[in-house]
Amino acid sequence: MSHGTRTEGPLPDGSVPAGRHAVVVGGGLAGVTAALALADAGVGVTLLEGRPRLGGLAFSFRRGDLTVDNGQHVYLRCCTAYRWFLDRIGGAALAPLQDRLDVPVLDVTRPAGRRLGRLRRDALPVPLHLARSLAAYPHLSLAERAGAVRAALALNGLDLADPALDAQDFGSWLAAHGQSARAVEALWDLVGVATLNAVAGDTSLSLAAMVFKTGLLSDPGAADIGWARVPLGELHDRLARGALDSAGVRTEVRTRVTSVSANGDGGWSVGVPGGTIRADAVVLAVPQREAYGLLPAGALDAPERLLQIGTAPILNIHVVYDRQVLARPFFAALGTPVQWVFDRTDASGLRRGQYLALSQSVAQDDIDEPVAVLRERYLPELERLLPRTRDARVEDFFVTRERAATFAPAPGVGRLRPGARTKAPGLYLAGAWTATGWPATMESAVRSGVGAADAALGALGRPRPRHLFAIEEAA
């Protein structure tokens with residue numbers, strides 16, 4: 001990949017036809033998706049990324065002999081856009097889905113031998129697919145289980161198109177529908193914290209309803225969980241870059257965009273160190289604050305709203321033991337600060353022992369704590385959860401921190417999220433934080449890239465690639 005001085009024009013040899021060149025700023029999932037969709041429609045595309053790699057916040061790095069993901073990312077069967085993305089880059093087999101939803105839930109406050117509960121589905125129609133699992137779920141009382149079913153049915157009756165839902169918080173709605181603090185902890189937040197990165201009381205009812213309606217109540221298999229069995233960089237950097245190269249996209253990493261401005265002739269100039277790139281369309285696929293800094297005057301009615309979209313942190317704690325301490329691929333936990341634990345041994349390339357990754361959403365209290373403090377806090381919790389860790393030696397303990405991992409799904413955030421189109425013809429926005437209807441997930445990022453590319457293709461007079469319709473149809 002070259003990153004030298006630029007000259008005016010989409011490519012040095014001028015081989016891209018006039019009127020059909022787009023620049024995509026940002027090489028995360030949203031930007032890569034937009035670039036692929038545009039290129040598949042015959043548009044010449046230059047993708048610019050400031051980091052030395054693609055993948056945005058879903059990436060890998062080396063630590064000694066280990067390949068480490070900065071954070072554990074999962075997706076669900078209902079994530080049709082991200083599944084399209086995996087297919088498009090040739091990575092679907094490397095991030096398979098469960099045959100059927102099955103989440104082990106360990107509660108350390110219960111006596112040994114009675115700590116394990118499971119949330120799993122049967123091959124029955126909605127909502128019966130979860131009925132047997134919920135009826136036997138030991139972490140709620142009989143009354144709480146019955147109440148959870150009633151709340152789920154009420155949630156399913158909400159109209160996601162109703163703007164009033166965005167102004168309400170999910171916690172108050174759950175309380176009004178008879179959900180105890182225990183039911184919120186052991187069921188609603190167990191799922192919601194991991195998917196929304198906020199507790200129920202801090203979450204927009206609109207986004208929470210979308211997650212639960214789509215993930216648990218739309219289709220029996222909608223919530224089946226998928227995750228990468230290889231490092232994320234293998235998917236979102238190496239395979240993505242291969243797909244971009246094959247599609248004819250010119251990818252430039254280590255290239256920080258300094259300005260985006262209209263030319264006056266209907267085109268755009270994108271400033272980069274050492275030059276300018278001209279384009280007929282520009283997609284800004286960067287975080288909201290970065291987008292705010294690059295937006296030309298008048299592109300949005302109220303650009304300051306982008307700065308009002310809050311962010312929320314995620315902390316990942318990585319522990320390497322000298323032996324196997326966990327027999328299952330992952331579990332969720334109750335009665336402990338530990339939230340979700342994944343076995344990353346094979347994916348990381350570890351040859352001996354076992355490597356566990358703890359994914360800690362809503363990590364405001366822990367995100368800035370020193371590693372030594374986190375070690376003191378979390379290793380004893382793992383000993384409470386996993387008896388085999390008590391005799392094991394910790395070979396390595398480290399943390400990765402994403403202080404702005406997601407946008408905060410707070411009540412009212414819906415009115416702050418812009419759509420793909422701006423008021424400046426030829427300038428489009430993408431990113432998980434834009435108005436996709438989804439929380440800040442890989443699914444939202446890919447959907448935003450499709451939306452931005454779709455809008456740009458319409459303006460450029462290019463037909464939309466037929467395979468992109470599959471995302472909307474499946475949704």
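This is a predicted model: local features need pLDDT of at least 70, side-chain atom pairs count only at pLDDT 80 or more; totals for chains, interfaces and linings use all residues.

Colleague: Fine. How many helices and strands are there in the protein?

Modeller: The protein has 15 helices and 19 strands. Its radius of gyration is 23 Å, close to the 23 Å that the globule rule gives for 475 residues, so the protein is as compact as a globular protein of that length.

Colleague: What box do the C-alpha atoms fill?

Modeller: Taken along the principal axes, the box is roughly 70 × 50 × 40 Å.

Colleague: And what share of the residues is buried?

Modeller: Buried residues account for 56% of the 475 residues. The accessible surface of the protein is about 19,300 Å², and 52% of that surface belongs to carbon and sulfur atoms.

Colleague: Which share of the contacts joins residues at least 24 apart?

Modeller: That share is 70%, counted among contacts between residues at least 6 apart in sequence.

Colleague: Where do the charges lie, on average?

Modeller: There are 51 positive and 48 negative charges, and their mean positions are 3 Å apart.

Colleague: Let us turn to the strands. How many residues of β1 are buried?

Modeller: Five of the five residues of β1 are buried, so the strand is mostly covered. Strand β1 spans residues 21-25. His21, Val23 and Val25 point one way from β1, while Ala22 and Val24 point the other way.

Colleague: Which strands does β1 pair with?

Modeller: Strand β1 runs parallel to β2 (residues 44-48), and five bridges join the two. In that pairing, histidine 21 stands opposite glycine 44 in β2. Strand β1 also runs parallel to β13, with four bridges between them. There, alanine 22 stands opposite alanine 281 in β13.

Colleague: Then what about β13 itself: which way do its residues point?

Modeller: Strand β13 covers residues 281-284; Ala281 and Val283 point one way, Val282 and Leu284 point the other way, and all are buried.

Colleague: How many bridges link β13 and β19?

Modeller: Three bridges link β13 to β19 (residues 427-429), and the pairing is parallel.

Colleague: Changing topic, where is phenylalanine 397?

Modeller: Phenylalanine 397 is in strand β18, which covers residues 394-407.

Colleague: Buried or exposed, and why?

Modeller: Phenylalanine 397 counts as buried because its relative accessibility is 7%, and the cut-off for buried is under 20%.

Colleague: Which residues does phenylalanine 397 touch?

Modeller: Leaving out residues up to four places away in sequence, phenylalanine 397 touches Arg63, Ile317, His318, Val319, Val371, Leu374, Arg375 and Leu379. The C-alpha atom of phenylalanine 397 is also 9.0 Å from that of tyrosine 321, which is 76 residues away along the chain.

Colleague: And aspartate 166, where does that lie?

Modeller: Aspartate 166 lies in helix α5, residues 164-167. It is buried, with a relative accessible area of 12%. Leaving out residues up to four places away in sequence, aspartate 166 touches Ser204, Ser206, Ala410, Pro411, Gly412, Val413, Gly414 and Arg415.

Colleague: What separates aspartate 166 and leucine 205?

Modeller: Their C-alpha atoms are separated by 5.8 Å, while along the chain the two residues are 39 residues apart.

Colleague: Now the backbone. Which peptide bond is cis?

Modeller: The bond from valine 126 to proline 127 is cis, with omega near 0°. Proline 127 sits in the loop between β7 (116-120) and α3 (131-135).

Colleague: What is phi for asparagine 197?

Modeller: Asparagine 197 has a positive phi of about 60°, although it is not a glycine. The residue lies in the loop between α7 (181-196) and α8 (205-216). At 3% relative accessibility, asparagine 197 counts as buried.

Colleague: And what is phi for valine 362?

Modeller: Phi of valine 362 is near 50°, again a positive value in a residue other than glycine. Valine 362 is in the loop between β17 (354-360) and α13 (371-385). With a relative accessible area of 26%, valine 362 is partly exposed.

Note on methods
Residues are numbered from 1 along each chain as its sequence is written. Side-chain values use heavy atoms; hydrogens and water are left out. The radius of gyration is taken over C-alpha atoms; the globule rule is 2.2 Å times the number of residues to the power 0.38. Buried means under 20% relative accessible area, exposed over 50%, partly exposed in between (1.4 Å probe, protein chains only). Contact means heavy atoms within 4.5 Å. Accessible areas come from the Shrake-Rupley method with a 1.4 Å probe; for residues, only the protein chains shown count as cover. Lys and Arg count as positive and Asp and Glu as negative; His and the chain ends are not counted. The place of a charge is taken as NZ of Lys, CZ of Arg, CG of Asp or CD of Glu. Two strands pair if DSSP finds at least two bridges between them.
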